[in-house]
Amino acid sequence: EASAWLGMWYATLSNADFSGASMQGSYVDFYGSSMPAADFSGATIDATWLLDMSESDMRSVDFSGASLESSYNLRFSYSDMSGSTFSGATIASGSGPYYSWMGFHKSDMTGSDFSGASIKSSYSMGWSYADLTSADFSGASIAANYWLGMWYATLSNADFSGASIQGSYVD
């Protein structure tokens with residue numbers, strides 16, 4: 001059974017190995033953590049309310065093949081995710097009864113690899129002001145049932161070849 005809160009606020013997880021791990025909680029919270037080069041490949045991180053990795057140092061983190069899911073909100077906003085790998089990962093918010101939000105606002109995802117990833121929100125998803133310079137989204141599926149916003153995002157040299165991008169409102 002999931003704990004009420006799995007908190008790693010401001011934790012130092014540099015080079016930590018969570019590959020294949022399973023983490024569950026109502027709130028799974030890595031807010032403000034330092035986790036450069038941590039390995040979450042194949043991990044399952046499941047929050048019944050909030051999965052928060054915002055304002056974190058996530059440079060070169062490996063989330064390849066991982067499942068990052070929240071029944072409500074999932075936040076990566078204001079994080080440095082440059083050079084991170086999310087290839088083949090499932091990133092999803094909104095399996096619960098409420099409007100869900102997935103946010104990547106003002107995150108640095110320069111050179112990150114999201115190839116073949118499935119990124120879905122049952123309601124809205126925001127990438128505003130995010131830096132996606134040279135990021136790889138080839139073959140990825142990016143979908144929000146309502147709003148998907150990428151306004152003011154930097155997409156220079158990003159690869160969206162073969163990607164599917166869907167939303168009722170895409171701007």
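Predicted model: local features only at pLDDT ≥ 70, side-chain atom pairs only at ≥ 80, totals over all residues.
Local features require pLDDT of at least 70 and side-chain atom pairs pLDDT 80 or more, while totals for chains, interfaces and linings use all residues. Residues are numbered from 1 along each chain as its sequence is written, and side-chain values use heavy atoms, without hydrogens or water.

**View 1. The stacked pair F18 and F40.** The structure holds 23 aromatic pairs, a pair being two rings of Phe, Tyr or Trp (its six-membered ring) with centres within 6.5 Å; planes under 30 degrees apart are stacked, over 60 edge-to-face and the rest tilted. Strands are DSSP runs (E, at least two residues), numbered from the N terminus. Both F18 and F40 are buried, that is, under 20% relative accessible area (1.4 Å probe, protein chains only), with exposed meaning over 50% and partly exposed in between.

**View 2. The edge-to-face pair F114 and W127.** The ring centres of F114 and W127 are 6.4 Å apart with planes at 75°, so the pair is edge-to-face. F114 lies in the loop between β7 (101-103) and β8 (118-121), and W127 in the loop between β9 (124-126) and β10 (141-149), 13 residues apart. F114 is buried at 0% relative accessibility, and W127 is likewise buried at 0%. One aromatic cluster includes F18, F40, F114 and W127.

**View 3. The largest nonpolar core.** Such a core is a set of buried Ala, Val, Leu, Ile, Met, Phe, Trp, Tyr and Cys residues joined through side-chain atoms within 4.5 Å. The largest one has 45 residues, and F40, F63, F76, F86, I91, I119 and W127 have the most contacts inside it. At least two residues of this core come from each of β2, β3 and β10. Beyond four places in sequence, F40 touches residues including F18, M23, F30, I45 and F63, contact meaning heavy atoms within 4.5 Å.

**View 4. The surroundings of S33.** S33 is placed in the loop between β2 and β3 and is buried, at 1% relative accessibility. Setting aside neighbours within four places in sequence, S33 contacts M8, W9, Y10, A11, E55, S56 and D57.

Technical notes:
Helix = DSSP H or I, 4+ residues; strand = E, 2+ residues; numbered from the N terminus.
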